[in-house]
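Have the coordinates open as you read.

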Amino acid sequence: LLKKEQSADDRHALDTVLTEARRAARIVKDLLTIARREEGGSLVRVDLNAIVRYIVDTQHYAMETRGIHTSVQLATPAPHVTADPAQLEQVVLNLVVNARQALEARLERRAAPSDWRPSLDVATQVVDGTVTLTVTDNGPGISARDLPHIWDPFWTTRDEGEGTGLGLSVVHSIVVAHGGTIEVTSAPGERTRFTITLPLAPALTP
């Protein structure tokens, strides 16, 4: 379809479909990577801010329709990391979607103060040769009982049929394979924050 004449809107939609189809193929590859304990994918110099902006943009409509306020604060100049772009997109997507779903769950249960406003904050920051990516939501939080299990494959708190329990396991595997770390802090009833730290890519030589 992209090889044919298309309106600007149709071409944008088709480009998005193609990008997401390729992402789906990479998700399968990531699962195989976990199963086989192999590393795959080509590593290139990646603008982390550009990936964050793209992922948040793909989720904007879903969050806006639920009244979720989104804040994005990006480091300047844009931090670059050495990574597989598709895998890094998958990491950011998983964290943003998990946060969105946690906020939606709290909205549906109406288990929040009357003045509570659902919010999702995404930020990048450069610190001592590394870049941190934080994804924070003010959803229901994660209980102390569940927190130690969130990286376990196939473990999930969702109802049967609503989740595979692989999302955070995939995220953890990808981050570690890229020489990074990922941590989570949570205050039940207040907020949850995921923090990823990755080494900065070497500066480009003139």
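## Overall layout

The protein chain has 4 helices and 7 strands, where helices (H or I, at least four residues) and strands (E, at least two) are DSSP runs numbered from the N terminus. Starting at the N terminus, the order of elements is α-β-α-β-β-α-β-β-α-β-β. This is a predicted model, so to speak of local features takes pLDDT of at least 70 and side-chain atom pairs count only at pLDDT 80 or more, while totals for chains, interfaces and linings use all residues. Residues are numbered from 1 along each chain as its sequence is written, and side-chain values use heavy atoms, with hydrogens and water left out.

Of the 206 residues in the protein chain, 35% count as buried, meaning under 20% relative accessible area with a 1.4 Å probe and protein chains only (exposed is over 50%, partly exposed in between). Take the contacts (heavy atoms within 4.5 Å) with a separation of 6 or more: 68% of them come from residues 24 or more positions apart.

Helix α2 covers residues 48-65. Its 18 residues reach 27 Å from first C-alpha to last, close to the 26 Å expected; the expected span is 1.5 Å times one less than the number of residues. Even so, α2 has a kink of about 45 degrees centred on Gln59, the bend being the angle between axes fitted to the seven residues ending there and the seven starting there. Gln59 is also one of the buried residues of α2, along with Leu48, Asn49, Ile51, Val52, Ile55, Val56 and Met63.

## How α2 meets α3

What angle do α2 and α3 pack at? It's about 35 degrees, with the axes 9 Å apart; axes are lines fitted to C-alpha atoms over the stretch in contact, and angles run from 0 to 180 degrees between N-to-C directions. The contact includes Ile51, Val52, Ile55 and Gln59 from α2 and Leu88, Val92, Val96 and Arg100 from α3. By class, it has 13 nonpolar, 1 polar and 3 charged residues (Ala, Val, Leu, Ile, Met, Phe, Trp, Tyr, Cys and Pro are nonpolar, Asp, Glu, Lys and Arg charged, the others, Gly among them, polar).

## Around His178

His178 sits in the loop between α4 and β6 (181-187). Why does His178 count as buried? Because its relative accessibility is 14%. His178 touches Leu43, Thr82, Ala83, Asp84, Gln87, Leu198 and Pro199, leaving out residues up to four places away in sequence.

Just after α4, Gly179 takes a positive phi of about 75 degrees.
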